[in-house]
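The sequence and structure are shown first.

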Amino acid sequence: SDVWQAPSALQSFRIDYDAQGKPVLVMQPQESARYRIQRDSVGESIVLAELSGIGGEALTFTDSGAAYDVPYTYRVIPVHEELLGEGVLLEGQQAVLIAQAKAPAQGRQSGGLLGGLSDLLSPREADAPEPSTASGIAASPAPDLPIESSLFW
């Protein structure tokens, strides 16, 4: 019986950024499951949301509460939805990426002599940070315990 089989890991997982520089988690499940989105940072680990997804369908989540210039570890953990309804937590392999929100460029003018001089004297930040990507995700299942250590503490 597959009732006790943990849900599969995500097929793909990457982090893009919205216009305000906030992380947008983009994931594609292999099968139908519930996905718990967890954010870890120095001294804290919180569950941000739970999303239900269908195999092959893209899911997105924007972390609008992310502080700028703080590195976060994002974990997407597949949870067996049927067993969860019965009070049993069975998790699959988690996908993990690290990202941080970046403040958008503040009112810089381009063009003209002053704009060119400003660009020359102060390097321009990228308008859109490069996305982080993970594919062929292999990670260990998350234990049903509070996180007591992380890459950042």
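## Arginine 34 and glutamate 81

In this predicted model, arginine 34 and glutamate 81 form a salt bridge through their side chains, with an N to O distance of 2.9 Å. Arginine 34 sits in strand β3 and glutamate 81 in helix α1 (residues 81–85), so the bridge links distant parts of the chain, 47 residues apart.

Glutamate 81 has a relative accessible area of 34% and is partly exposed. Arginine 34, at 23%, is also partly exposed, because the buried class ends under 20% relative accessible area.

## Arginine 34 and glutamate 50

Arginine 34 also forms a salt bridge with glutamate 50, where the closest N and O atoms are 2.8 Å apart. Glutamate 50 belongs to strand β4 (residues 44–53) and arginine 34 to strand β3 (residues 33–41), so this pair ties together parts that are 16 residues apart in sequence. Glutamate 50 is partly exposed, with 33% relative accessibility.

## The network

Salt bridges link Arg34, Glu50 and Glu81 with Arg36 and Glu91 in a network. The structure holds seven salt bridges.

## Arginine 39 and aspartate 63

Another salt bridge joins the side chains of arginine 39 and aspartate 63, at 2.8 Å from N to O. Arginine 39 lies in strand β3, while aspartate 63 lies in the loop between β5 (59–62) and β6 (72–79); the pair links distant parts of the chain, 24 residues apart.

Are these two residues, arginine 39 and aspartate 63, buried or exposed? Both are buried.

Note on methods: Residues numbered from 1 in each chain as written. Predicted model: local features only at pLDDT ≥ 70, side-chain atom pairs only at ≥ 80, totals over all residues. Heavy atoms only, no water. Salt bridge = Lys/Arg side-chain N within 4 Å of Asp/Glu carboxyl O. Helix = DSSP H or I, 4+ residues; strand = E, 2+ residues; numbered from the N terminus. Buried < 20%, exposed > 50% of the residue type's maximum accessible area, 1.4 Å probe, protein only.
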